[in-house]
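Please keep the model open beside them as you read.

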Amino acid sequence: MIITDLANEVSRRVEAVGDGLSEALFEPVIRIGVTGLARSGKTVFITSLVANLLDRGRMPQVAAITEGRVVAAYLQPQPDVTVPRFDYENHRAALLGPSPHWPESTRAVSELRLSLKVQPAGLLAGLQRPRTVHLDIVDYPGEWLLDLGLLDKTYAQWSQEVLERLAKREQGSAYLQGVADVDASVTLDEPLAQRLAKSFTQYLNDARDAGFYDCTPGRFLLPGDLAGSPVLTFAPLPPLEKAPRRSLAREMERRFEAYKAQVIKPFFRDHFARIDRQVVLVDALGAIHRGPQAVDDMRSAMAEILSAFRPGRNAFLNRLLLGKRVERILFAATKADHIHHRQHARLTNIMEALTREAQDRAKFAGAKTHSLAIASLRATVEETMDHKGRSLDCVRGTLLDSGKQAAFYPGELPNDPMQLLTPAQRGADTWLDDSYQFMSFAPSTLTMKPGFGPPHIRLDRAAQFLIGDRL
Ligand SMILES: Nc1nc2c(ncn2[C@@H]2O[C@H](COP(=O)(O)OP(=O)(O)OP(=O)(O)O)[C@@H](O)[C@H]2O)c(=O)[nH]1
Ligand SMILES: [Mg+2]
């Protein structure tokens with residue numbers, strides 16, 4: 001174990017003891033992690049959840065709210081002063097302002113503290129004063145969890161795997177060509193290293209745009225303030241028997257190791273290891289719309305992402321967690337307002353099937369899991385229309401591109417999720433029977449009633465599962 005690991009572990013222990021004390025004696029803190037792949041709906045989820053906890057009229061499924069025990073909710077400065085604050089006010093203004101639009105893409109970790117004043121339940125409840133429960137909500141990209149797999153690999157192993165993967169994908173050809181005549185044993189030439197890293201980053205972006213999810217190192221896609229730094233200036237090279245000191249190969253290896261130690265590990269230590277409850281958002285409808293390949297790819301990315309929640313998965317993580325684990329994991333298929341509610345149960349089934357493998361492991365490890373089809377912000381209304389003597393369950397909303405109102409039939413999801421997952425696993429290119437059309441809707445203009453948050457689908461059930469037992 002390296003010294004910094006040891007030091008980190010010690011400080012984690014101290015912190016764990018400290019957390020325990022303050023929780024028992026003072027005010028409980030529940031850290032809720034919100035993650036998912038790019039565009040899965042994290043920002044909209046957090047914004048709507050917070051708005052609906054501040055104004056609780058649309059949250060009947062949260063028991064403590066229905067029982068009238070949540071007497072106040074307010075935003076507070078967060079305890080982690082170096083983490084960017086989740087920009088609630090701006091995201092809320094985008095979604096619920098006079099010309100509603102979806103919020104900008106967010107590319108890093110952010111955090112928000114919402115505090116609830118809750119009257120205790122039970123026999124002596126009337127005699128006790130309300131207590132304060134803090135919810136620390138942390139938004140982080142799911143892609144960062146994929147990086148966990150890199151910790152177990154040496155630079156040579158990683159290079160070999162990545163180069164094999166590239167050879168199977170058209171997006172990889174440019175990089176492979178570029179690297180073919182590179183002599184990795186020559187002394188490092190920084191412009192060459194930069195060219196290789198740039199070309200490799202281009203591959204990662206192209207692969208992601210083509211719908212592949214296994215695009216690590218995750219920070220190459222979302223560099224934030226690390227853009228251009230040496231930890232992001234490496235790329236895979238073909239194997240070399242003996243790389244001389246100061247050679248290109250050695251330097252690439254050094255940077256790969258630095259990425260593990262200084263990018264991956266701090267994320268797991270500072271954010272992941274402290275999460276109590278986790279929401280994993282999945283844009284299953286979007287993947288279905290893109291076709292079988294996207295569905296299969298999403299399934300394997302989910303398995304990989306969720307393996308981070310499996311105890312014993314990784315020695316580094318074990319030391320960090322010290323037996324602490326995420327207590328509850330919610331898998332939520334987002335944007336369910338794209339389909340009629342009669343199909344929501346089917347969407348939930350698909351969601352369960354997509355995460356089955358990973359869910360079984362998490363269950364085995366004692367975490368409680370649950371799947372839901374939700375819409376954080378409902379952008380449509382339902383409508384049943386007659387079409388050639390058949391009645392079709394449609395949804396109506398404002399189309400994102402044209403701004404026009406339209407009602408439209410998205411197609412029927414199958415009763416048995418395997419009808420989607422099996423062709424996907426077998427490598428089919430298109431769906432056999434149906435094609436699924438999901439339009440992009442703009443958020444609708446709302447008149448907000450006092451005491452009511454924005455309209456949603458099952459956000460209250462999501463909240464009840466995540467925090468209901470602690471209120
Ligand atoms: N109809 C509908 N669309 C949604 C909903 N939530 C998210 N979307 C759509 O999904 C897009 C992505 O949502 P975000 O919340 O920004 O997703 P994200 O996971 O934060 O995305 P990144 O920050 O880019 O990783 C939005 O721009 C909307 O088009 C919803 O509840 N209903
Ligand atoms: Mg976001």
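How do the residues of the lining of the largest pocket divide into nonpolar, polar and charged?

1. The lining of the largest pocket divides into 25 nonpolar, 13 polar and 11 charged residues. Here Ala, Val, Leu, Ile, Met, Phe, Trp, Tyr, Cys and Pro count as nonpolar, Asp, Glu, Lys and Arg as charged, and the others, Gly among them, as polar.

2. A word on the ground rules. This is a predicted model, in which local features need pLDDT of at least 70 and side-chain atom pairs count only at pLDDT 80 or more, while totals for chains, interfaces and linings use all residues; side-chain values use heavy atoms, with hydrogens and water left out. Residues are numbered from 1 along each chain as its sequence is written, and chains are lettered from A and ligands numbered from 1 in the order in which they are written.

3. Back to the largest pocket, which holds about 1100 Å³ of space. Of its 49 lining residues, R39, S40, G41, D283 and K335 are the closest to its centre. Two or more lining residues come from each of α2 (42-54), α8 (190-209), β5 (277-282), α11 (284-290) and α12 (292-306), and α11 gives the most, with five. Pockets and cavities are found on a 1 Å grid over the protein atoms alone: a cavity is a set of points where a 1.4 Å probe fits but cannot get out, a pocket is an open set with protein on both sides within 12 Å along at least five of seven lines, and lining residues have an atom within 4 Å of a point. Grid points are joined across faces, edges and corners, and a volume is the space filled by probe spheres set on the points. Helices (H or I, at least four residues) and strands (E, at least two) are DSSP runs, numbered from the N terminus.

4. Ligand 1 sits in this largest pocket, meaning that more than half of its atoms lie within 2 Å of the pocket's grid points. Of the 18 residues around ligand 1, K42, T43, V44, S105 and T106 come nearest (a heavy atom within 4 Å is the criterion). This shell has six nonpolar, seven polar and five charged residues.

5. Oxygen atoms of ligand 1 lie 2.4 Å from a polar side-chain atom of S105, 2.8 Å from one of T43 and 3.0 Å from a backbone N or O atom of S376. Taken alone, ligand 1 exposes 650 Å², and the protein buries 94% of that (Shrake-Rupley method, 1.4 Å probe).

6. The second largest pocket has about 450 Å³ of space. V109, W144, R219, D225 and H271 are the closest to its centre among 19 lining residues, and helix α10 (residues 248-270) gives the most to that lining, with five.

7. There are also three cavities of 30 Å³ or more in the whole structure. The largest cavity has a volume of about 100 Å³, and A308, F309, R310, P311 and L321 lie nearest its centre.

8. Finally, some backbone details to check. Most residues other than glycine have a negative phi, and most peptide bonds are trans. R39, in the loop between β1 (29-36) and α2, has a positive phi of about 65°. K388, in the loop between β8 (380-387) and β9 (390-399), has a positive phi of about 50°. A cis peptide bond joins T216 and P217, with omega about -5°.

Terms used:
Polar contact = N/O pair within 3.5 Å; in protein donor to acceptor, adjacent residues only side chain to side chain.
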